[in-house]
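Please work through each task before reading its solution.

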Amino acid sequence: MKSIYLSLLIWYHIMKIAVVGIGVAGAYLMNQLSDLHDVHVQGFERMPEKDHDAVCAWATCDNVMKDYAKLCGLNFDNYVLHDGKKMRVDIGDGINSGNTIDIKLKGMISYDKLKLIQDMISGTNIEYEKVPNKKNLEQDFDLIIDSTGFHRHYLPKLRDELWIPCIQYKVKYDQVPFDDFYLKAFPLLSGYFWYFPLGNGYAHIGSGDFRRKQTHIFMDSFMKKYPCEVIKKVGRPVRITPPSKCLPFGDGNKTIGVGESIGTVYALLGEGIIPSTICAQLFVDNLYDKERYFSEVLSTFKIYTNVYNFIKKRISQNFSILRDFVELLKIYKYMKKSEDRFGMEINMLNLFKLTKI
């Protein structure tokens with residue numbers, strides 16, 4: 001009788017958590033929370049298990065991700081598809097205009113993002129093809145984690161935000177057009193085209209443009225010049241509004257946002273893998289103190305507001321190198337100090353060149 005009472009007492013103290021959206025942040029949370037003895041975590045994913053995908057270019061920095069993979073009991077080396085040495089950024093007109101910036105890479109790789117997510121969630125409890133009703137979740141769980149990315153499905157809608165529509169193809173080449181990373185920056189930094197090698201002739205090519213002008217024009221000309229077999233096509237918007245402008249991070253009740261749902265995308269690079277993982281770890285570290293979690297998110301991603309302001313001014317043609325030099329300098333200092341985190345060498349001259357396209 002005593003053992004039954006103790007079992008009921010232990011169960012009474014178990015926190016029931018729903019994680020909705022099994023992307024980068026959601027998968028990491030499922031892995032980490034499932035190891036906690038006082039937590040019961042249930043995952044929900046709107047896509048069927050056989051169609052579950054990891055939409056994005058699959059590029060990240062192994063200097064950072066290897067440590068997060070290790071926390072999940074995984075060896076990140078097993079997922080690396082291409083180890084980058086140099087990234088060519090075309091800032092001219094057309095394909096291979098000759099007006100380029102060559103950036104030395106120091107840890108940027110492409111990796112099998114989907115396989116890493118699948119291994120992170122292996123053995124955890126996930127229900128696929130399910131977008132649960134919020135009221136039902138509130139009845140069944142103590143906490144609801146909105147990791148639905150751009151959709152921000154269970155959080156209050158944002159009134160003023162900036163997002164970029166993107167399209168991407170997984171392709172196969174008989175003869176690859178580039179042996180390393182290639183980016184084409186669009187005028188006024190309204191977006192860019194990317195070519196990220198995946199090894200063995202495979203690549204992700206994609207494009208996003210805030211003005212919706214360059215995406216199909218450049219993509220069509222690129223695919224015409226470099227014929228390929230299209231394996232898969234996906235499209236999705238990317239939120240580049242920073243966390244400081246994605247408040248509130250919760251609904252005031254049981255729901256809390258993690259990852260892109262609260263703006264963890266580094267707008268200058270369109271990169272969300274590492275920021276969303278960092279955000280997920282912040283949540284785990286502050287599981288029982290949501291106010292501290294909110295505060296640490298704002299502090300950790302403070303520079304993202306500067307980046308957002310820079311991008312927004314470039315798109316609106318309201319950027320002045322003289323008036324806005326201090327903000328640009330903050331961005332440079334942050335990235336220079338964090339070269340290992342970004343996996344590339346940061347050069348002030350290159351940043352100036354980007355301000356002029």
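**Exercise 1.** Is T277 buried or exposed?

*Solution.* The structure is a predicted model, in which local features need pLDDT of at least 70 and side-chain atom pairs count only at pLDDT 80 or more, while totals for chains, interfaces and linings use all residues. Residues are numbered from 1 along each chain as its sequence is written, and side-chain values use heavy atoms, with hydrogens and water left out.

Step 1. Locate the residue: T277 belongs to helix α7. Helices are DSSP runs (H or I, at least four residues), numbered from the N terminus.

Step 2. Apply the cut-offs: buried means under 20% relative accessible area, exposed over 50%, and partly exposed in between (1.4 Å probe, protein chains only). The relative accessible area of T277 is 2%, so T277 is buried.

Step 3. List its partners. Not counting residues up to four places away in sequence, T277 touches V24, Y28, M65 and Y68; contact means heavy atoms within 4.5 Å.

**Exercise 2.** Determine how α3 and α7 are oriented to each other.

*Solution.* Step 1. Two packed helices are described by the angle between their axes and the distance between the axes. Axes are lines fitted to C-alpha atoms, for helices over the stretch in contact, and angles run from 0 to 180 degrees between N-to-C directions.

Step 1. For helix α3 (residues 62-71) and α7, the axes cross at roughly 40° and come within 11 Å. Angles under 35 degrees count as roughly parallel, over 145 as roughly antiparallel, 65 to 115 as roughly perpendicular and the rest as oblique. The two helices are therefore oblique to each other.

Step 2. On the α3 side the contact involves V64, M65, Y68 and L71, and on the α7 side I273, I274, T277, I278 and Q281. By class, this contact of α3 with α7 has 7 nonpolar, 2 polar and no charged residues. Here Ala, Val, Leu, Ile, Met, Phe, Trp, Tyr, Cys and Pro count as nonpolar, Asp, Glu, Lys and Arg as charged, and the others, Gly among them, as polar.

**Exercise 3.** Describe the packing of α2 against α4, and the place of A27.

*Solution.* Step 1. Helix α2 (residues 24-33) and helix α4 (residues 113-120) have axes 8 Å apart, at an angle of about 25°. That makes α2 roughly parallel to α4.

Step 1. V24, A27, Y28 and N31 of α2 meet K113, I117 and M120 of α4. The residues of this contact divide into 5 nonpolar, 1 polar and 1 charged.

Step 2. A27 is placed in helix α2 and counts as buried at 0% relative accessibility. Leaving aside neighbours within four places in sequence, A27 is in contact with I22, I117, M120 and I121.

**Exercise 4.** How many residues of α9 are buried, and how does α9 pack against α10?

*Solution.* Step 1. Helix α9 (residues 303-315) has 13 residues. Of these, 10 are buried, so α9 is largely enclosed by the rest of the structure.

Step 1. These buried residues pack against α7 (273-285), α10 (325-337), α11 (339-342) and α12 (348-354).

Step 2. With α10, α9 makes an angle of about 130°, the axes being 9 Å apart. That makes α9 oblique to α10.

Step 3. The residues in this contact of α9 with α10 include F310 in α9 and Y334 in α10.

How values were computed. The expected span of a helix is 1.5 Å times one less than its number of residues.
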